[in-house]
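Please look over the structure shown here before reading on. The paragraphs that follow go through it part by part.

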Amino acid sequence: MAESYNTLAGLIQLNDRNLADYDINDILDSAPLLKAIYTQTASNGTLHKYLKQTGASSAAFRDANDGLAKTVSQDTLVTVTLKIIDATFSADVALAKAYKNGVDAYLEKELARSLRSAFAAAEKQVFYGTGADAKGFTGIIDGTGHDGLADDMVISAGGKTANKQTSCFVMRHAEDAASFIVGQEGQFIVSEEPTVISVAGSVGGTLPAYYVPVTGWAGFQIGGAYDVARIANIDTNDLTSTSAFTDDHIFAAISKFKSDRQPNVIVMNRDALRLLRQSRTAVNPTGAPAMLPTDLDGIPIIVTDQIVSTEAVVS
């Protein structure tokens, strides 16, 4: 590949077709983080095992003919259990046959819509884990706390309004860092011969519909203890604030990363982006409105609707 890392669009296979063969903007626009970050196939079908470094190796000076205490690096074997993403859909036979471009084109349009929803759900799962969907894979947090992160990788922006908080995530994505994981060698199985079944109508009765099973496997890896940071308690109760969320909060999160494992993406929702822009406007020496933030010191900002503005206050 021309890219320096794998992408979801380049890796996923829908049977024998690459996901990039479809209208990728339509399919992955609702999952902009998954569209951008490193993606890899699971190490073993529906399980992904990797070593997560939890301790550094020591080194020091010593006197001649004298030894020193040596601490070896420590790794923990982590197993990510992938979960089934189900993008199965059904389509009214009458509507499909009446479509101007034919049944196949109609079903492909519905497939793109179903995959769009599936990957959006997968992206929310990356952030909130089982707090988003109890049947999904483990993510960064559980929706109320920060179970997937060490305490020192969580920064509080100071918000205190119950269920009016949002978060910004700063991360390093790479093969050995944060990474989206797909199972079965990246295969999503799409039925090539839709069956016609009887489904319930929206009001009553039944109707014939094409039934198209679509399934894949997915999970998320946090490669090391210093690969993801969370800025929690960004208060969206007052969206005119100029101090609720600022560049200083992001720099505080960046300071938690090791110098040789610096973050390469910042992720937030539209409310946080608005607050960040307002904070930049407040310190603009000309008084002119700040430009819409797209990066911080060269680190790109990704804006996603899959981070909510209704989080609880994190203590």
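Thr79 counts as partly exposed because its relative accessibility is 39%; buried means under 20% relative accessible area, exposed over 50%, and partly exposed in between, with a 1.4 Å probe and protein chains only. This is a predicted model, in which local features need pLDDT of at least 70 and side-chain atom pairs count only at pLDDT 80 or more, while totals for chains, interfaces and linings use all residues. Residues are numbered from 1 along each chain as its sequence is written, and side-chain values use heavy atoms, with hydrogens and water left out.

Thr79 belongs to strand β5 (residues 74-81). Helices (H or I, at least four residues) and strands (E, at least two) are DSSP runs, numbered from the N terminus. Apart from its neighbours within four places in sequence, Thr79 has contacts with Leu47, His48 and Lys49, where contact means heavy atoms within 4.5 Å. Between the C-alpha atoms of Thr79 and His48 there are 5.6 Å, although the two are 31 residues apart along the chain.

The loop between β10 (179-182) and β11 holds Gln184 and also Glu185. Most residues other than glycine have a negative phi. Gln184, which is not a glycine, has a positive phi near 50 degrees, and the phi of Glu185, also a residue other than glycine, is positive at about 55 degrees. Gln184 is partly exposed, with a relative accessible area of 40%, whereas Glu185 counts as exposed at 59%.

The aromatic rings come next. Rings of Phe, Tyr and Trp (its six-membered ring) pair if their centres lie within 6.5 Å; planes under 30 degrees apart count as stacked, over 60 as edge-to-face and the rest as tilted. By this rule there are five aromatic pairs. One of them is tilted, because the ring centres of Phe119 and Phe188 are 5.7 Å apart and their planes stand at 45 degrees. This pair links distant parts of the chain, with Phe119 in helix α5 (residues 103-128) and Phe188 in strand β11 (residues 187-190), 69 residues apart. Both Phe119 and Phe188 are buried. Phe127 and Tyr128 make an edge-to-face pair, at 6.5 Å centre to centre and 65 degrees between the planes. Phe127 and Tyr128 are buried too, and together with Phe169 they form one aromatic cluster.

Two lysines are placed over rings. A charge sits over a ring if NZ of Lys or CZ of Arg is within 6 Å of the ring centre and within 35 degrees of the ring normal. The charged end of Lys109 is over the ring of Tyr106, 4.3 Å from its centre, and Lys258 lies over the face of Tyr226 at 4.4 Å from the ring centre.

In helix α6 (residues 247-254), the buried residues are Asp247, His249, Ile250, Ala253 and Ile254. They lie on the same side of α6 because they cover an arc of only 160 degrees around the axis, the arc being that of the directions from the helix axis to the C-beta atoms.

Helix α7 (residues 270-282) has buried residues that include Ala272, Leu273, Leu275 and Leu276. The buried residues of α7 pack against β9 (165-171), β15 (228-235), α6, β16 (265-268), β17 (295-296) and β18 (299-303). At the start of α7, a side-chain oxygen of Asn269 comes within 3.1 Å of the backbone nitrogen of Asp271.

Key. Expected span 1.5 Å × (residues − 1). Polar contact = N/O pair within 3.5 Å; in protein donor to acceptor, adjacent residues only side chain to side chain.
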